[in-house]
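Thanks, everyone, for making the time this morning. I would like to walk through one chain with you, beginning at a single residue and then stepping back to the whole, so please have the structure open as I talk.

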Amino acid sequence: MEAYRKCAEEMLDFIEKSPTSFHAVANVEKVLEEQGFIRLDEAKSWKLEPGKGYVVTRNDSSLMAFRMPGDGEPKGFHIAAAHGDSPSFKIKEGPEITAEKAYLKLNTEKYGGMILTSWMDRPLSLAGRVAVKGKHGIETRLVNLEEDLLVIPSVAVHLKQDADKGGLNPQTDMLPLYGECGTEEKKGVLMKRIADAAGVDAEEILGHDLFLYTRQPGRIWGEDGVFVLSPRLDDLQCVYACMKAFADHVPEKYINVCAVFDNEEVGSGTKQGANSTFLEDTLWRIGESMGMERSRFLQMIAGSFLISADNAHAVHPNRPEKADPTNRPYLNRGIVIKFHGSQKYATDAVSAARMREICREAGVPCQTYANRSDIAGGSTLGNISTAHVSVSSVDIGLPQLAMHSAVETAGIKDTKYAVDALGVFFGK
């Protein structure tokens with residue numbers, strides 16, 4: 001268990017340092033740059049060299065990292081993709097609201113689908129980025145207040161007899177309490193605190209992307225420490241596994257690519273989402289730098305493989321009937337290969353077989369997931385990405401409970417299982 005625990009602890013540390021997709025991308029970039037990866041700029045020309053690694057970001061919230069093989073022409077691309085965003089509450093413009101001449105609360109809106117009640121009555125804080133006027137135009141700064149600053153208070157059961165039955169209104173029931181305002185309305189107090197964290201004056205902030213996050217740290221729990229509890233396991237658990245395996249392995253015959261997309265939780269339809277040209281643009285620029293003609297590049301694409309990694313629903317101990325009768329993944333029993341008849345998951349017979357072979361070679365167990373036929377379920381990155389880059393693709397995930405809760409549960413073994421399997425993939 002020691003190796004599983006060590007990997008899980010490193011994953012939890014990564015998640016704690018990554019309260020938003022902006023921080024997750026910055027932390028992946030930092031790990032890779034410490035290992036010698038060279039930062040690229042989409043707005044500038046690229047000169048790539050054999051055997052070296054590179055990283056490029058878009059919107060500060062999505063990332064493509066790739067490593068070139070040392071000798072010979074590569075057979076294709078080995079790509080692992082995950083997403084760095086998680087459901088949360090986004091701060092609106094002009095967010096301060098006074099209530100009853102006593103309270104100061106913040107105006108927020110939902111980002112993605114979430115279990116609303118799980119966000120109530122727990123300490124929250126704010127993180128994200130701000131845009132400021134710099135010497136060379138608009139610049140962005142990461143901010144993380146790292147204090148217990150906010151709470152979304154629930155209504156006492158005595159005052160609302162159905163308080164524990166949901167039916168919450170995001171505009172009226174879910175606004176976080178920030179402070180007290182006395183008899184005079186407070187204006188700008190939040191942005192002043194944000195500006196202090198960014199090292200600028202409040203007047204210099206020209207825009208912001210700020211999100212609530214729970215202050216509860218991740219932890220290992222359960223009999224013999226077999227479970228993990230943490231915010232944002234969906235999908236930072238897979239981001240960590242992809243990053244770790246990618247950073248630790250040098251390719252022999254393929255160009256390795258680690259992709260971290262933003263905005264999966266809201267449909268991926270942004271310039272930095274999986275439904276953008278980011279992956280396609282990056283792969284083409286790699287081929288272009290190698291002097292490839294379009295036809296040779298398309299041959300490379302045809303010889304490539306994509307692992308889309310986004311967590312999966314484990315069978316729930318209290319509601320096992322919600323799971324499919326025969327495809328029933330459990331915590332600590334390995335990587336989940338996901339199937340969907342209507343192609344919300346990109347897995348097919350060939351890509352599933354290839355993933356099973358990777359797991360076999362890594363000595364890692366795998367299991368399968370399919371929705372009940374009367375439950376719609378969600379979608380993920382695989383089929384969206386392959387609409388832009390037509391590669392064979394498999395959708396996988398790590399099993400978890402309480403997906404889209406403020407805190408989620410997973411198994412202590414499964415992160416290492418993913419790192420080991422992706423390591424075999426990236427080592428080819």
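This is a predicted model: local features need pLDDT of at least 70, side-chain atom pairs count only at pLDDT 80 or more; totals for chains, interfaces and linings use all residues.

Glutamine 367, once we set aside its neighbours within four places in sequence, is in contact with Arg328, Pro329, Tyr330, Arg333, Gly334, Ile335, Val336, Ile337 and Pro399.

Let me move to a second residue, aspartate 324, which is found in the loop between β15 (312–313) and β16 (335–339). With a relative accessibility of 11%, aspartate 324 also counts as buried. Leaving out residues up to four places away in sequence, aspartate 324 touches Ala370, Asn371 and Arg372; for asparagine 371, which is 47 residues apart from aspartate 324 along the chain, the separation between the two C-alpha atoms is 5.8 Å. Within its own stretch of sequence, the aspartate 324 side chain reaches the backbone nitrogen of threonine 326 at 3.2 Å, and it makes a polar contact, at 2.9 Å, with the side chain of asparagine 327.

Now to the chain as a whole, whose secondary structure amounts to nine helices and 20 strands. Its radius of gyration is 22 Å, close to the 22 Å given by the globule rule for 428 residues, so the chain is as compact as a globular protein of that length. The C-alpha trace spans about 75 × 60 × 40 Å along its principal axes, and 54% of the 428 residues count as buried. If we take contacts between residues at least 6 apart in sequence, 77% of them join residues at least 24 apart.

As for the surface, the chain exposes about 19000 Å², of which carbon and sulfur atoms supply 49%. Finally, there are 49 positive and 59 negative charges, and their mean positions are 2 Å apart.

Note on methods: Residues are numbered from 1 along each chain as its sequence is written. Side-chain values use heavy atoms; hydrogens and water are left out. Contact means heavy atoms within 4.5 Å. Helices (H or I, at least four residues) and strands (E, at least two) are DSSP runs, numbered from the N terminus. The radius of gyration is taken over C-alpha atoms; the globule rule is 2.2 Å times the number of residues to the power 0.38. Buried means under 20% relative accessible area, exposed over 50%, partly exposed in between (1.4 Å probe, protein chains only). Accessible areas come from the Shrake-Rupley method with a 1.4 Å probe; for residues, only the protein chains shown count as cover. Lys and Arg count as positive and Asp and Glu as negative; His and the chain ends are not counted. The place of a charge is taken as NZ of Lys, CZ of Arg, CG of Asp or CD of Glu. A polar contact is a pair of N or O atoms within 3.5 Å; within protein, one must be able to donate a hydrogen and the other to accept it, and residues adjacent in sequence count only if both atoms are side-chain atoms.
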